[in-house]
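Please keep the sequence and the model open while reading.

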Amino acid sequence: MFRTFRGGHSGGWRVTSMSPVTGEPLPFMPALSVTDSEAVALPQVPSRNAWRLVGIASALRYTERAEKEQLVAVQAGLGRPEATSAALIPIRKSQAWWELTQEERRRIFEDKSHHIASSLPYLPAIARQLYHSRDLGGPFDFLTWFEFAPADAALFEELVAMLRRTEEWTYVEREIDVRVVKEVLSA
C-alpha cells in the first residue's frame, strides 16, 4: 500500500509551518492531503501548484525482535481522534550512509544513536510511521509521519530535538519539517 502526502491548496490537514532543517526547501502549500492507494503513477511529475511525496510502509530494517516487541507493546496507532496535530518530516540521507553495510547502519542507528531506546519514553503519546521512498525515485529516502494531541506538542519537540543530536543525523543531507493540524469540518 502506497501512502501519498500531497501539499496543495486543499486537504484534510492545514499546514501551520514548513521549515527546511537542512538542504533545499519544498514550496509552501497551505494544505496537506494524506491518502493510501494500491498503485501510484511513477515517476512523480513535478508541479508548480502542488508537491507529492510517496512512500511505502515496509518491514522494520534495523530493529531486533526484543526492540520490536517493546515498540508493539507501547506504540499507538495512527488516526486517534485526539491526535489533531501532526508532522511530516521527509529525510534524505547522504551517499556515505548508503555506502555503509546494513550492520554498520544498525550500529549507528541503535548502538550509538539509541534511536529506538531513546524514543520509547515518548510512546504512546506520539504515534509514528516510517514510509520508505528511496526506491520510488522521489527526492527523499524516508517520509516520517507523526501524530499527537496538541497537549503533547512540547513532548514531540523534545523527541525531535533529541533525535537530531544523534550521530545518525549527521548523515541527513536534506530534511524538511512540515507541521499540520487536522481540519475539523463543522456540521
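## Terms and basis

Buried means a relative accessible area under 20%, exposed means over 50%, and partly exposed lies in between, with a 1.4 Å probe and protein chains only. By that rule aspartate 177, at 5% relative accessibility, counts as buried.

This is a predicted model, in which local features need pLDDT of at least 70 and side-chain atom pairs count only at pLDDT 80 or more, while totals for chains, interfaces and linings use all residues. Residues are numbered from 1 along each chain as its sequence is written, and side-chain values use heavy atoms, with hydrogens and water left out.

## Overall build

The chain has five helices and eight strands, where helices (H or I, at least four residues) and strands (E, at least two) are DSSP runs numbered from the N terminus. Along the sequence these elements are arranged in the pattern β-β-β-β-α-β-α-α-α-β-β-α-β.

The C-alpha trace spans about 50 × 35 × 30 Å along its principal axes. The radius of gyration, taken over C-alpha atoms and compared with a globule rule of 2.2 Å times the number of residues to the power 0.38, is 16 Å for the chain, which agrees with the value near 16 Å for a compact globule of 187 residues. Buried residues account for 44% of the 187 residues. Of the contacts (heavy atoms within 4.5 Å) with a separation of 6 or more, 77% are between residues 24 or more positions apart.

## Nonpolar cores

A nonpolar core is a set of buried Ala, Val, Leu, Ile, Met, Phe, Trp, Tyr and Cys residues joined through side-chain atoms within 4.5 Å. The largest such core has 18 residues, and those with the most contacts inside it are Leu32, Trp51, Leu88, Trp145 and Val180. Two or more residues are given to this core by each of strand S2 (13–22), strand S4 (51–56), strand S5 (85–93), strand S7 (142–148) and strand S8 (172–182). Apart from it lies another core, of 14 residues, which includes Phe156, Leu159, Trp169 and Val172.

Leucine 32, when neighbours within four places in sequence are left aside, is in contact with residues including Phe5, Trp13, Val15, Trp51, Leu88, Trp145 and Val180. Valine 160 is placed in helix H5 (residues 153–164) and counts as buried at 5% relative accessibility. Its C-alpha atom is separated by 10.0 Å from that of isoleucine 89, 71 residues away along the chain.

Glutamate 147 is found in strand S7, and its side chain is joined to that of tryptophan 145 by a polar contact of 2.8 Å. A polar contact is a pair of N or O atoms within 3.5 Å; within protein, one must be able to donate a hydrogen and the other to accept it, and residues adjacent in sequence count only if both atoms are side-chain atoms. Not counting residues up to four places away in sequence, glutamate 147 touches, among others, Trp13, Leu78, Arg80, Ser85 and Ile126.

## Salt bridges

The count comes to eleven salt bridges. In one of them, glutamate 82 pairs with arginine 80, with the closest N and O atoms 3.8 Å apart; glutamate 82 is partly exposed, at 43%, whereas arginine 80 is buried, at 19%. In another, aspartate 141 pairs with arginine 134 at 3.4 Å between the closest N and O atoms, where aspartate 141 counts as buried at 5% relative accessibility and arginine 134 as partly exposed at 36%.

Arginine 164 forms a salt bridge with aspartate 177, the closest N and O atoms being 3.0 Å apart. Arginine 164 lies in helix H5 and aspartate 177 in strand S8, so this pair ties together parts that are 13 residues apart in sequence. Arginine 164 counts as partly exposed at 27% relative accessibility. The side chain of aspartate 177 also makes a polar contact of 2.5 Å with the side chain of arginine 179, and a network of salt bridges links Glu157, Arg164, Glu175, Asp177 and Arg179. Beyond its neighbours within four places in sequence, aspartate 177 is in contact with Ser17, Met18, Ser19, Val21, Leu88, Ile89 and Arg164.

Definitions and conventions. Salt bridge = Lys/Arg side-chain N within 4 Å of Asp/Glu carboxyl O.
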